[in-house]
Amino acid sequence: MTNDTRTQGANKPALLVGVLLLIVAALIGYDASQQTITSTYGVGPTAMPYVVAAGLVILGLAHFLVAFREGLPQPDEADNKALLWIAGGLIFLIACIGLGGGFIIAITVVFACTARGMGRQGLLVDAVIGFVLGLVIFLVFAKVLTLILPSGPLERLFL
Amino acid sequence: MLTSILKRTALTAVALAALSTAAFAQVNELKIMAPAAPGGGWDGTARSMQQALTAAGITKSVQVNNVTGAGGTIGLAQLIGAKGAGDQLMVNGFVMVGAILLNKSPVNLTQVTPIARLTAEAEVIVVPTESPLKSAKDLAERLKADPAKVTWAGGSAGGTDHILAALFAQAVGADAKKINYIPFSGGGEALAAMLGGRVTAGVSGYGEFEGQIKAGKLRVLAVSSSKRLENAPDAPTLKEQGIDLELLNWRSVVAPPGLSADQVKALTDTVEKMVKSKEWQEILKARGWDDAFLAGAAFDTFLKGEIERVSKVMTEVGLVK
Amino acid sequence: MDTLLSLLHGFSVALEPSKMVFCLIGVFLGTAVGVLPGIGPALTVALLLPVTFKLDPAGSLIMFAGIYYGGMYGGSTTAILLNAPGESASLATALEGSKMAKAGRGGPALATSAIGSFVAGLIATIGLAFLAPVLVELAVKFGPWDYFALMIVAFVTVSATFGDSPLRGLTSLFLGIALGLIGIDKLTGQARLTFGVPELLNGVEVTTLAVGLFAVGEAFYVASKRFRDPEEIIPIKGSLWMTKEDWKRSWAPWLRGTAFGFPIGALPAGGAEVPTFLSYSTERKLCKYPDEFGKGAIEGVAGPEAANNASAAGTLVPLLTLGLPTSATAAIMLAGFQQYGLNPGPLLFAEKPDLVWGLIASLFIANVMLVILNLPLIGLWVRLLAIPQPWLYAGILVFATMGTLAVNGSPAELAMLFAFGFLGYLMRRYDYPVAPMVVGLILGPMAEQQLRRALQISLGDPMILLENPISATLLGIAFIALVAPFVMKGLNQFKAAED
């Protein structure tokens, strides 16, 4: 496995991680340099960010080194369709909560999509299970714990 | 089981209340937002209001919801967004005034409809019993001589404790910019720092230090209220010691902007009725909160005054640029 | 002797049938609510505070104790079964516990955690009864410099979670520390790395990162390689109960975990995280089967879980003797006392001995009840893993979402949860360890704040760290722990060269 990467020159994932680390370090350093208020005594709020940024720079450079040597472990091919199903469900969840669609519908979709992504072929059944799960959780939180989970039109029927 | 009992008593109370108080404007369903996580101080106030309002039968249903983040300013922004909602209240307090400035929040408290101040707690300045400092004057002298050597322990940066320390320095003519204030997370850590004798003085709400004060481990140099406290009659006020400074850590409720006069009246009446209820008074006693009810124009003016005072001192201390 | 008499008197209060019922209700509620991920013991107690409002002080406080200990038990259950630590203190438990659960050893993992918690709780509660006055003297002596040194010791031990590549481990750790910088700086009130987003001002929640990296990340990972290399979850393999071997490997970690947890928990800023990390890395070092670590070693569950529970009893030391609430849970317990106009502190023992000793006695009882309640439940819990995999992971995502929403119901927080989930997936894919990142997020801000407080008190003089005996000693330990492996390696090489 390591032989493959060496013959191809640099290991791309390792290079990419190295670049990302340098970008994060730059962001932290920039943010620290923009701070206007410092402590009157002792060390200020910028000392730690600079230390962390320096550490990340070293780690980023070390990744470049690794990229030209053994590289990162080669992962197996991923099942992108499965990932898309799950990610799609989660993105719907965020949008649903953000736009006021409520907890129960969001959970219904997440449950159904995740189960589909993990290989089940029964979207409708899973949606029903998700719906019941969401409803029960919502009611338990609202009635027993007096914590109101994000509510949409559906949830208001139960409050 | 408990809730069903509560509900039943609430229902009978509602029936009775409906007979006796027809003249009052009513809000039947109320939403109270606590702009903090469940379990915190504002959340406690909101849930206590819920308890008092339903138990006393003033409102049929009260919902508490929590909107966390950024010292309450995320909740504040949401409240301002709920323009014209006559059934919505939000708990807030002195700390939010500072948080708005510190977080450079795009929204502020002048944009809401003030309803009423509910409670207030006096702050105390304490020293360990072994400390040579005997009065606020001693502390003032020390502070004027070298502000760096006077270390203060208290709560979060820009919070009530910090602001009191800064106002104190100002009032005694020391350089407020140079105060060596060390914020601790939570009263416990600050208290430990005091007991260990690692800081010169500590600032906090009276309740937080009460046990140690009574046990004789801490000495109160001054209380920040206008009068001496009932449960600590020996502790002098700042004013008595010739320092012109008064500060209360208050909590209040506010409503969204854009309400009609009727809506404001209905909310104010509801809150006033709650404050006068037996249930609320019992909660105050149990929790050790002082009643500081103030509503209408008087609260309006008070709030404006506090905003002005806090922004002035925070700029002078260098917390806000 | 006085203490013993008082304690016996306490038992006479706590053993009244009505008090026992309160204790049982508390234990049950605490476990039930504590099982929900994201809802740790602190929130459990806060949410159930109103329920206790109507009871008399003694009954209510006893119920409280039950809820508190129950919440601690519940937290470890989700960490082991779902790899979703509900609070930062269960993090170390999740590391080995979830691996054990997948390999069909969920039963023994839950059992060693329950019995370890019981043993630790028992010893720590005895410590609370007899050593509290001594311990508290010591606890108050701890200054910011000492805390800083303690954090450094904890930092050094993190390398135990690095896996086989120091580079990837350090990268994970530093990214965690970087995440810890986000939000309002506690000492100046300034915003760091928030880029004008108000939701970031409160910083990154530890549970959000942990649940995201651990639970959500794993769901992605398992889904991504479902066809090629389906992961098998074995609900039960071998005995549901602990074997003789398990007992033999568990008892010493329980005791060592307690030895870390109780004293550090009693420190005003000690917390439960540091002792669990220390216990985890100690067990890893001492374990006779080091190869099993990372694949489900029972020592890695027994030690941290005992440390976690012992530290919970530890926080009661400053709370009861000084009135110092040193953790979120303790702060809410204090509120519980105050709702009856009681102020814990030096006077409480003298003024209300019934109450205090009744409470301590009920801690013993709660502990016994919890073991009795939880051991039979293990069989039930483990069956959760027999749910078909698609439903199991869908359920895990639902529970992760729910926990996040209950504490902080904003879309931004959810977005963070899932972003961390995806990051966790990528890290797993390229074999970066995820635990150091969470450790960095927890320890980084603590170490920074304590160091800055120390330097503020010393007006910028760093010598304060070496002038104080406790901090100097701790820093010395950290230095030795850091250097020793290299020296040993060097010596071995030297020897090898000689041969």
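Me: What share of the contacts in chain B with a separation of 6 or more comes from residues 24 or more positions apart?
Reply: In this predicted model, such residues account for 78% of the contacts in chain B with a separation of 6 or more. Two residues are in contact if their C-beta atoms lie within 7 Å.

Me: How do you know whether the radius of gyration of chain B agrees with that of a compact globule?
Reply: Chain B has 321 residues, and for that number a compact globule would have a radius of gyration near 20 Å. The value for chain B is 21 Å, which agrees. Its C-alpha atoms fill a box of roughly 65 × 40 × 30 Å along the principal axes.

Me: What makes a residue of chain B count as buried, and what percentage do so?
Reply: A residue is buried if 20 or more other C-beta atoms lie within 10 Å of its own. In chain B, 53% of the 321 residues count as buried. The chain holds 11 helices and 10 strands.

Me: Why are H1(C) and H14(C) called roughly perpendicular?
Reply: Their axes cross at roughly 75 degrees and come within 7 Å. Angles of 65 to 115 degrees count as roughly perpendicular, and the two helices are therefore described in that way. Residues making the contact include Phe11(C) of H1(C) and Trp357(C) of H14(C). By class, this contact has 9 nonpolar, 5 polar and 1 charged residues.

Me: Which helix gives the most to the side of chain C that touches chain A?
Reply: The contact takes 48 residues from chain C and 52 residues from chain A. On the side of chain C, H15(C) gives the most, with 11 residues.

Key:
Residues are numbered from 1 along each chain as its sequence is written. Chains are lettered from A and ligands numbered from 1 in the order in which they are written. This is a predicted model: local features need pLDDT of at least 70, side-chain atom pairs count only at pLDDT 80 or more; totals for chains, interfaces and linings use all residues. Helices (H or I, at least four residues) and strands (E, at least two) are DSSP runs, numbered from the N terminus. Axes are lines fitted to C-alpha atoms, for helices over the stretch in contact, and angles run from 0 to 180 degrees between N-to-C directions. Angles under 35 degrees count as roughly parallel, over 145 as roughly antiparallel, 65 to 115 as roughly perpendicular and the rest as oblique. Ala, Val, Leu, Ile, Met, Phe, Trp, Tyr, Cys and Pro count as nonpolar, Asp, Glu, Lys and Arg as charged, and the others, Gly among them, as polar. The radius of gyration is taken over C-alpha atoms; the globule rule is 2.2 Å times the number of residues to the power 0.38. A residue is buried if 20 or more other C-beta atoms lie within 10 Å of its own, exposed if 12 or fewer, and partly exposed in between; C-beta atoms are placed from the backbone.
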